[in-house]
Amino acid sequence: MGTSVQVSPLCGVYNENPLSYLVSIDGFNFLLDCGWNDLFDPSLLEPLSRVASTIDAVLLSHPDTLHLGALPYAMKQLGLSAPVYATEPVHRLGLLTMYDQYLSRKQVSDFDLFTLDDIDSAFQNVIRLTFSQNYHLSGKGEGIVIAPHVAGHMLGGSIWKITKDGEEVVYAVDYNHRKERHLNGTVLQSFVRPAVLITDAYNALYTNQTQSHHRDTEFLDTISKHLEVGGNVLLPVDTAGRVLELLLILEQHWSQRAFSFPIYFLTYVSSSTIDYVKSFLEWMSDSISKSFETSRDNAFLLRHVTLLINKTDLDNAPPGPKVVLASMASLEAGFARDIFVEWANDPRNLVLFTETGQFGTLARMLQSAPPPKFVKVTMSKRVPLAGEELIAYEEEQNRLKREEALRASLVKEEETKASHGPDENSSEPMVVDTKTTHDVVGSHGPAYKDILIDGFVPPSSSAAPMFPFYDNTADWDEYGEVINPDDYVIKDEDMDRGAMHAGGDVDGRLDEATASLMLDTRPSKVISNELIVTVSCSLVKMDYEGRSDGRSIKSTIAHVSPLKLVLVHATAEATEHLKQHSLNSICPHVYAPKIEETVDVTSDLCAYKVQLSEKLMSNVIFKKLGDSEVAWVDSEVGKTGSEMRCLQPMGSAAAPHKPVLVGDLKMQDFKQFLSSKGVQVEFAGGGALRCGEYVTLRKVGPTGQKGGASGPQQILIEGPLCEDYYKIRDYLYSQFYLL
Amino acid sequence: MASSSASLKRREQPMSREGDQLIVTPLGAGNEVGRSCVYMSFRGKTILFDCGINPAYSGMAALPYFDEIDPSTIDVLLITHFHLDHAASLPYFLEKTTFKGRVFMTHATKAIYKLLLTDYVKVSKVSVEDMLFDEHDINKSMDKIEVIDFHQTVEVNGIKFWCYTAGHVLGAAMFMVDIAGVRILYTGDYSREEDRHLRAAELPQFSPDICIIESTSGVQLHQSRHIREKRFTDVIHSTVAQGGRVLIPAFALGRAQELLLILDEYWANHPDLHNIPIYYASPLAKKCMAVYQTYILSMNDRIRNQFANSNPFVFKHISALNSIDDFRDVGPCVVMASPGGLQSGFSRQLFDIWCSDKRNACIIPGYMVEGTLAKTIINEPKEVTLMNGLTAPLNMQVHYISFSAHADYAQTSTFLKELMPPNIILVHGEANEMMRLKQKLFTEFPDGNTRIMNPKNCESVELYFNSEKMAKTIGRLAEKTPDVGDSVSGILVKKGFTYQIMAPDDLHVFSQLSTATVTQRITIPFSGAFGVITHRLGKIFESVDSSTDEETGLPALKVHERVTVKQESEKHISLQWSSDPISDMVSDSIVALVLNISREVPKIIVEEEVAVKSEEENGKKVEKVIYALLVSLFGDVKLGENGKLVITVDGNVAHLDKETGKVEGEHEGLKERVRVAFHRIQSAVKPIPLSAE
């Protein structure tokens, strides 16, 4: 029996909710992605909370909120404690995305679902892999190999291949087959016939993707048009994902056109993001790494883009038309929201959406057609406390501090009592004049009015206050005093001194301004007010999502042609559409489970291993077909020394077998082949190929699909008895191998 | 010479083992240091590791022995790191030979490779004929080089390989190659010690079958890093304190960066030294800084943390010098200059000026190739020859403090003990050092299960690996696991080195191939009665089933369950069948028959009795033929008792039972031959059974 595989979605099926799926392989539970949305709705995570503690490994595919947003929360609150696997960029940029989310949220609300420390600790245990690295799991997952492969879409974005006993489970969501400026296209097409493919149907119904060349021209034209009339352009973007592509397009265009309009990239972590991205060249497209190798020209040394990490810098920027890329893309929080509210009522301005907003967010509302004239927005702001509030706050803090101190001292007393209890009997009582010390001691607790020094607490059972005495005994053996070798080791201090004080801050890599922002502990509060924003600026949406469109999804799946297909993450219509399409033309086993519905996609494949004996192999004549070689074998199972079965040549003549024609006939290619042989050929109606005057050739049967991988091909050749018929039949045979 | 003796030996091997033979031949770096290049082939796959030059020579003499191999047969060329002795003959090999395989190196290596070789071409002042390649060749080679990331598995023609961090220099890699399950680890230059900016070499997850390992340090043990660094800084400090000058000849890239980090930090901690300049005379290194800043991820955590605050490669106390013209020799100073071997160039110019003053010092910071001046002065000769040919006394102090990130004996032996490879091949070490290392390693692995070899250049090491080919039977064919004696028949699909056996119907499921059925339909003009065809076919073929076509109601015939003959209209009949050789033959005979009927007026032939008679006659005929054939094969064949044939060959007698095919006799060989011959004769004279399934 094959490896057992079960899939149960925890979030993100039949809708566009964040992605999170549980895949269990022979009892080893993988959590594929751990996403959340920009609204941070804990109810989405309920299914996850029920299984979080049973998860053995988490695989992350992209560095955005939808794919990893819930990781800190799940680690802290839901009992998720499994090791996390991701590529280096997903880890780094994911961390920055979460910082940005947290800081944006914290700025406008009393956000308390997770803290910066939670983010740090969640990302601390990420095991970083490189693309195509086969990582062998150990322990419970012994025998399982995981490997991330290029997905396109985002920097470091991965599709995951999980292999056990030669059976492959591929998890591929949000891939992009098209090569972009900073990313290579996905390698999903190179996977052939995995046992299970888990993929999204997100774009299944979306087909009219414009050519990237036209799209870029339109994008830049739209922007420059608004800039030239003195308007500002806002691009609500994600923190560290798709924004990189946009930055490159703008940077490139600006250097070509020598535009003087400033471009600002404004997120709480923008400078760290770009610093990191600069060192991720090996994860980017071939052209970027090539240009670095040959001319040491780092594409992300942005000359035209100014990186900002707070809004004041933008407000202080010289007035005039500008392009601002700001997070969050959903306009639910972050600088983008503030800027939108400021700019929305000027018709010269442009808000350019580069991706579909998440469901239920302001961005999505603005993208509806026709766009709303007015939107009601709750604007919140964190303001420092002042006046009475500040005093009240401080008093409250002091009270808390006092209580804390009191509690601590009580605890300490208890400890001291416990630890020094037995000691004092043996020690000499020390008499202290209590009267002289009386005034020195503070007002804490009535019991110890006569303490001499802060922190010194006399044991309660002693007759008089005294200093605790510890007998420092040394162990001796026959060689003398027992020593600890570690005390004599020369430490590696001198060299590491330089490094030590460096790595202290939150992440070791955030610039000081951000860090100070994060660690800002000034007392503050959130105030909110609702306002109606008149939307008079232009709203434009262009597709820079970096996902394959419906047609490519279908052809990719058809090419991969998995034995079993699981569809996730798409609207109900899209899921249903792709399901029907796949059932008809790709594979008979298509599943689209609902939330918490477990589907068993264990392959019904039987397999056993045999050894091929030298004697058998010397008689086998292989025929080469594409990258593989085929041959027919007739053999007999023989014994070997070990338990292995061994195939040996047949003792007697083999029973003749039904001949098999192996090969893949493409009508188009065959047509060319025939015409090269001087036969007149043309396509007649219905896919039939008319060869010569009388003979027709057609493919029949249910296999209408290209690739022909879904079943044996059926070819019908018909014609009257004539010489041509036999000639063409011979040509046809020459396209196949007869086994 | 060596190779011809190897090829002689090869011929002695039995043919069947040919495929199992693994050959490792150093084309360079065998019992020497420099021009690393190791050739390996197994199962028709060929790999070349590294492609270096010997920095002590120029022109063709510096190349590895490429003549020994056919470059066009090499599938993959793997470069471990950017040092000249590992990568510098690559442009030559790519552009001037017939090589057409694929080349891989890490990202950082590729970025530095170009800078380094361009510099090498500019610096090496050799005649045009001696130039192995020019800048143009280097630029062209860049397009052919592919990059590989650490741990990334790449497969080329069934050769799987991936690389591990090797320490040594930025981007240095150890390659693990897997061909048909046999793993070979090539360490290149490696170091198991973490330093200021590099990680230590990783310990591979899997134990290799063969470990091709460097032996530069031989049986030496390195001083601990702290002592080494202290000696280094102490020498410099005391020399400059006495008004002397310090020359550090170092190769522009790699270890130099480490030394600069040490110096910069030492100066930062000693304010009294701040008035003493440190120069770094290499424009090349300046260019490479961008690379060092970008591939920070390939370095260790220490440097990455430091990078958070400021770039550690932006030195505060070190200034760059472009040439000796910019250098003003006015007082104590520290100069690090290339080339490391003091062959020529800036470091040599300074050496010539400074070598006679005993206040000055020269620190040789790493391994030096035999034949270079730097190697010579380590032994502190009384006099040296200057570049202008004159001799001068060598008064300056010479210190050899090895910072070369090569594994020392302790590291090598622990590394090997962890890996426990059954075969160890030593390369990249001087003959004597290598011999000593070999001896010492023998004592470490006394069980005799470990083979340690140190081939000379062009001397092949031949190893044999069991060629057990494993196949996986899958799909319908595997529904029942067969027992011993059962037969397994199916399509064997070979892809790379993996074999799968499957039923034809499953072919499209488990591979990219697909099967096809070709249905043929042919129409023949025929205006006679369909009954005639039925009758005639019945005479010729054993099985002819009559039926009527469901749609048209016209009669149809099925011949041998293969070919359907249908009456299409008054004037036509059609034949339909699914292509395979037998059906094609059957249909051809039907076509012939139909055409015959149309041509001639049907004759009534009565042959019933003849048929019965002919069966007997046939039996006799068969016997005659068998007898005649056996005679022609064995000569002496007599008819014995019970209808048995007695065959005598060279006095050995065998009895053959014609009915059962059983053979009795003393001589095994004869028995076997008779049995086979009889079997073949029988299958030749008996009619072919039509029922194929």
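1. Helices (H or I, at least four residues) and strands (E, at least two) are DSSP runs, numbered from the N terminus. The model is predicted, so that local features need pLDDT of at least 70 and side-chain atom pairs count only at pLDDT 80 or more, while totals for chains, interfaces and linings use all residues. Residues are numbered from 1 along each chain as its sequence is written, chains are lettered from A and ligands numbered from 1 in the order in which they are written, and side-chain values use heavy atoms, with hydrogens and water left out.

2. In chain A, the span of residues 243-366 is 44% helix and 13% strand, and its end C-alpha atoms lie 20 Å apart. An unreviewed UniProt entry lists these residues of chain A as "domain: Beta-Casp"; UniProt positions are given in the numbering used here, feature names are shortened, and annotations may be inferred rather than shown by experiment.

3. Over all chains, a search of the whole structure finds 52 salt bridges, each being a side-chain nitrogen of Lys or Arg within 4 Å of a carboxyl oxygen of Asp or Glu. One of them joins A:Asp26 to A:Lys164, with the closest N and O atoms 3.1 Å apart. This pair links distant parts of the chain, 138 residues apart, since A:Asp26 sits in the loop between β2 (20-25) and β3 (28-32) of chain A and A:Lys164 in strand β9 (residues 158-164) of chain A. A:Asp26 is partly exposed, with a relative accessible area of 37%, whereas A:Lys164 is buried, at 15%; here buried means under 20% relative accessible area, exposed over 50%, and partly exposed in between (1.4 Å probe, protein chains only).

4. A salt bridge also connects the side chains of A:Lys376 and A:Glu530 (3.9 Å, N to O). Because A:Lys376 lies in strand β17 (residues 374-384) of chain A and A:Glu530 in strand β20 (residues 524-534) of chain A, the pair ties together parts that are 154 residues apart in sequence. Both A:Lys376 and A:Glu530 are exposed.

5. In chain B, B:Glu32 forms a salt bridge with B:Arg35, the closest N and O atoms being 2.7 Å apart, and both B:Glu32 and B:Arg35 are buried. Salt bridges that share partners join B:Arg196, B:Arg225, B:Glu229, B:Glu265 and B:Arg302 into one network.

6. B:Leu390 belongs to the loop between β17 (383-385) and β18 (391-393) of chain B and is exposed, with a relative accessible area of 54%. The C-alpha atoms of B:Leu390 and B:Val685 are separated by 96 Å, the two residues being 295 residues apart along the chain.
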